[in-house]
Amino acid sequence: MSLEKAARAVRENAYAPYSGYKVGAAVRTASGRVFVGCNVENAAYPEGTCAEAGAIAAMVAAGEAEIAEVFVIADARRPVPPCGGCRQKLAEFSRGDVPVTMATMSGARECRHVDDLLPGAFGAAHMADTGADTGAGG
Ligand code: THU
């Protein structure tokens, strides 16, 4: 199934009674499987989750961890950009050159690489550097 079709379909299931902004996300993994997610809001607003987070959770639950391509769609005038937290989540499972297509229901498209969405991302490699130059004497 195309990533766009998958993201459009799952968007229908979004639970967004508070914002009215339904989002669908689909990721294709290196092995070719597709995982989808939609935003799930909550009356306690901060407990809501983004579509991208849902797709990533489904991917990890299925035992996969290497994203090859991302598609995100919302019914808006401009393509939906992933929020800051989702950029970090995408970077955790993607190489920098992984394409992220942001789309509207009416056909507008914008494509960026993960690297461009979150330049200088914090990653596991930074923790591996611990202790190299703390200036704290230990
Ligand atoms: N939202 C997503 O699901 N993904 C994005 O990339 C941007 C924002 C959701 C969160 C919230 O439910 C609604 O859109 C409005 O912020």
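A backbone N or O atom of P81 lies 3.5 Å from an oxygen atom of the ligand, a polar contact being a pair of N or O atoms within 3.5 Å. The protein covers 77% of the 370 Å² of accessible area that the ligand has on its own (Shrake-Rupley method, 1.4 Å probe). This is a predicted model, where local features need pLDDT of at least 70 and side-chain atom pairs pLDDT 80 or more, while totals for chains, interfaces and linings use all residues. Residues are numbered from 1 along each chain, and side-chain values use heavy atoms, without hydrogens and water.

| Side chain | Distance from its N or O atom to a ligand oxygen |
|---|---|
| N39 | 2.9 Å |
| E52 | 2.5 Å |

Around the ligand (a heavy atom within 4 Å) we also meet others, including S19, Y21, C50, A51 and C83.

A51 and E52 bring us to helix 2, residues 51-61, where they are among the buried residues, along with A53, A55, I56 and M59 (buried means under 20% relative accessible area, 1.4 Å probe, protein chains only). Helices are DSSP runs of H or I with at least four residues, and strands are E runs of at least two. The buried residues of helix 2 pack against strands 1, 2 and 3 and helix 3 (contact: heavy atoms within 4.5 Å).

Now for T29, in strand 1. Why is T29 counted as buried? Because its relative accessibility is 1%. Its side chain makes polar contacts with those of S31, at 3.1 Å, and E64, at 3.0 Å. T29 also touches M59, among others.

Terms used: Buried < 20%, exposed > 50% of the residue type's maximum accessible area, 1.4 Å probe, protein only. Polar contact = N/O pair within 3.5 Å; in protein donor to acceptor, adjacent residues only side chain to side chain. Lists of a residue's contacts leave out its neighbours within four places in sequence.
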